Amino acid sequence: MVKTLNYRVVLFTFALIFGVVFSIPSLTQSESGKKITLGLDLQGGLHMLLGVKSEVAIESRMKSMAASVKYIFDDEDIIFDELRFDSDKITFELLDTDDVAKATKLLKDELEGTALSENGLKFSLEMTAEEIKRTQLDAISQAVDTIRSRLNEFGLAEPTVAKQGEDKILVEVPGIKTQEDEQRIRELIARAAHLQLMAVDEDRNTRVNTMSVAEAKSYGDVILTDVNTPEKYLLRAIPVLDGSMLTDAKVGFDESNQPVINFTLNGQGAKIFGDFTGQYVGKRMAVVLDNKVYSAPNINERIGGGRVQISGRFELSEAHDLAIALRSGSLLAPVYVMEKRSVGPSLGADSIKSSSIALMLGFILVIIFMFFYYGMAGVIANVALIGNLFLILAIMSLFGATLTLPGMAGIVLTVGMAVDANVIINERIRELLHAGKSVGKSIEDGYNNAFTAIWDANVTTLIAATVLYAYGTGAIKGFALTMSIGIMASMLTAIVGTHGIYQWILPKIDKKKMGFWFGIKKVEGNK
Amino acid sequence: MEIFKYKKPLSLMSKSKRFGALSIVALILAFGLILTKGFNYGIDFAGGTLIQVQYEGKAPISNVRDVIATDKAYEGATVTFFGSEDEIVIKTKMSSQNLGEDVSDKVHTLLKDTQGFKEVRRVDMVGAKVGSELREQGLMAMVLAIIGILIYVSFRFEWRFAVAAVLALVHDVTIAMGMIVLVGIEVNLDILAALLTILGYSLNDTIIVFDRIREGIRTIKNPDLEGIINESVSRTLSRTTLTSLTTFFVVLTLFLFGGEIIHGFSFTLLVGVIVGTYSSIFVASPILLWLGFSVGGFREKEAAKLKREKEKEKMRAMYENGTL
């Protein structure tokens, strides 16, 4: 026996040990070691594909550019009028021809990626095509970063946030327990968290209830409503400053113990805020979040230090989520749901149970069948099959691959197909035994004859699986993955492994007991 | 145990016309069904929302229908039992883009007070745009897989083998699709995966028969293709049937015990295993015959290839010996 110990059987033994050792963490669900992660369909969770409305990012970019234009001109004492913006351009008029050269130079230096065109003293500022493209891409990657940091801050276990394709975002959050939690998470993701501090147009605000949107626009104003009451405010459309200048946001409590959000502005923001409040004493300033007015306090004096408070009769959990959203920054562009799949934890557990039962039953059926049909040759095939299962688990564990419900189906299917190689080989061996060849010769030639068929068949199946992997999404990828790993592992176990075992035990094979060894009746003329 | 003991070749090819007629009838029926009744696209491809709800005890299905009808978002929604009487599935063509409150949240508030309500177990929502994208991708995957297989088989065998294999594949997939339409299974991504698996599986079977034919062409003296095919198919009959049986067993357990969610998937595979086995025995090889495959020609080509290789080796040997 020792003499016939060969490299094949050694290789198979190593593969078997490797398979068992590395699949233990996954099978016992131990804390340490690399494990197979369960897909969302098996452990429960939320899977979403989000689209990004990047055109909104362009529009808000125009808005903040308009704010910059105003700030620059005010700072340099350039007199201007009729500063307006819409989704594709900013227009303004200069009143003094002497300012033209200075203004043009300033805008060129300060606002990159824009093109200025003039018609007399009327100017229009547009973004270049590259700048638009860049803004869109920025909006998407910013959304990915923002959503990721929001989910992380919320304290969720291992959420996945990734850009998919050109303009989609994949969000996967495992382990959500209730419908309420899921909704809260979705709201947290969706929150634009676009904070603006806006001046109330005190000259015209008394007429706000009768004013049309178009009329407000003609003054460079917008009409926004209060978050809790139907009260309307007429506000200057170009904000004093926005959430991009915010450095921190925390939940606090006011005098009457209501939750509020305190936020701090960065240096530049604090300066702008200080200057503005200094000029605007006696008038009101609105704190606007996602186009709702949360409060519009009167400015009593210049406010330095850059600390602002939002109060809006919040629930504590709402204030908590809002503070997270503000800290993680606003979404430049709103996101919307293109695809959503959510699975409750109990359904996932049921799926694991039923597919495991199917896997075990199918496995046992195949093993019994192989034993009855092929005798010891069937047992050898079964050893290879068990080795194959462990190898699949081990390889998936090492790569931290995700096991999905279709992935389970893939493993079940592999069990059926992996024994195929052994069926082909055993049939070939039987054929040669019937033809009167010796056992050793039959085994060697059997493997040689069977090899091309198994190889070609497996390669073509692999081609189909690869295409499925490349074009499949989510759970389907899992199916293609387990099937591919299964096929490749079966090449090692079913071909090399069983061949090695035959060579190893060849001296033990009793030529008189063909029924026991190969499941065939007496062979005529056998030596 | 031996069930299929090879004694002499079965005269399969002489009956090939009969099987051909059978296949053509099945194909016409399948095509007819696909064209007239059409696929019942599930939400993956058509877009919409699917909500699975679990109840304690029997679900009050008519009550659920009434409650749901009160909300406009569920216009035209269907409510059916799912797997058992404790669970129902609500399907609607609507989908919402809104992250904050979506169709599933509404279902929760609507159904919360119905008798025995336990939980919303699963919500799948696919926007119409994603649905059509997935459909395109699915079709693309099919086509690419077939092209890949065509190239590989042409390379390893000969183009006629490749064409015959692919025609057999189209045969299997079409009939499986016909069955899907007939039974009214909802076509979702998992069904696409099942069809692609059939592609791989049926090909597996066909390749093994073709491999034997290729071997037969090299070793069997009589250059009569029909005889070679008969002998090769007969010799692989045992293997084809056995493997199909083992695969059939496991797919059957998957169908019976794998749970409601993979029912459609395992059903499609069951059909595929049966049709795939039939086609690799009775369809693929006769096509080879009809395509006018010539044994003599193949042998000449093989011989020429061998000769070229020999010559190359000779040249190399001469070169290495320094005689060139």
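**Close-up views of a two-chain model**

**View 1. Helices α5 and α9 of chain A meet here.** A:Arg150, A:Glu153 and A:Phe154 in α5(A) meet A:Ile324, A:Ala325 and A:Arg327 in α9(A); two residues are in contact if their C-beta atoms, placed from the backbone, lie within 7 Å. By class, this contact of α5(A) with α9(A) has three nonpolar, no polar and three charged residues. Here Ala, Val, Leu, Ile, Met, Phe, Trp, Tyr, Cys and Pro count as nonpolar, Asp, Glu, Lys and Arg as charged, and the others, Gly among them, as polar. The model you are looking at is predicted, so local features need pLDDT of at least 70 and side-chain atom pairs count only at pLDDT 80 or more, while totals for chains, interfaces and linings use all residues. Residues are numbered from 1 along each chain as its sequence is written, chains are lettered from A, and ligands are numbered from 1, in the order in which they are written.

View 2. Helix α5 (residues 129-154) of chain A packs on helix α9 (residues 316-327) of chain A at an angle of about 140°, and their axes lie 9 Å apart. That angle makes α5(A) oblique to α9(A): under 35 degrees counts as roughly parallel, over 145 as roughly antiparallel, 65 to 115 as roughly perpendicular and the rest as oblique. Axes are lines fitted to C-alpha atoms, for helices over the stretch in contact, with angles from 0 to 180 degrees between N-to-C directions. Helices (H or I, at least four residues) and strands (E, at least two) are DSSP runs, numbered from the N terminus. The crossing of α5(A) and α9(A) is right-handed, a term used if the near helix is turned clockwise from the far one by less than a right angle, with left-handed for anticlockwise.

**View 3. Helices α3 and α4 of chain A cross.** Helix α3 (residues 54-75) and helix α4 (residues 100-110) of chain A have axes 11 Å apart and pack at about 130°. This makes α3(A) oblique to α4(A). The crossing of the two is right-handed. From α3(A) come A:Ser68, A:Val69, A:Ile72 and A:Phe73, and from α4(A) come A:Ala103, A:Leu106, A:Leu107 and A:Glu110. Six of the contact residues are nonpolar, one is polar and one is charged.

**View 4. Helices α10 and α12 of chain A run alongside.** The axes of helix α10 (residues 345-374) and helix α12 (residues 405-434) of chain A come within 9 Å and cross at roughly 5°. α10(A) and α12(A) are therefore roughly parallel to each other. Among the residues in their contact are A:Gly362, A:Phe363 and A:Val366 of α10(A) and A:Val412, A:Val415 and A:Gly416 of α12(A). This contact divides into twelve nonpolar, five polar and no charged residues.

**View 5. Chain A has two domains.** Domain 1 (7-43 + 344-518) and domain 2 (47-54 + 132-341) make up the division of chain A; such bounds come from an automatic or database domain assignment. Their centres, taken over C-alpha atoms, are separated by 55 Å. Four residues of domain 1 are in contact with five residues of domain 2 in chain A.

**View 6. Chain B meets chain A.** Look for 58 residues from chain B and 64 residues from chain A in this contact. In chain B, the elements giving two or more residues to it are α4, β5 (117-126), α5 (128-156), α7 (189-219) and α8 (225-257). The chain B side has 29 nonpolar, 17 polar and twelve charged residues. For the complex, the predictor gives an ipTM of 0.81 and a pTM of 0.76. The mean pLDDT, the predictor's confidence in each residue from 0 to 100, is 84 for chain B and 83 for chain A.
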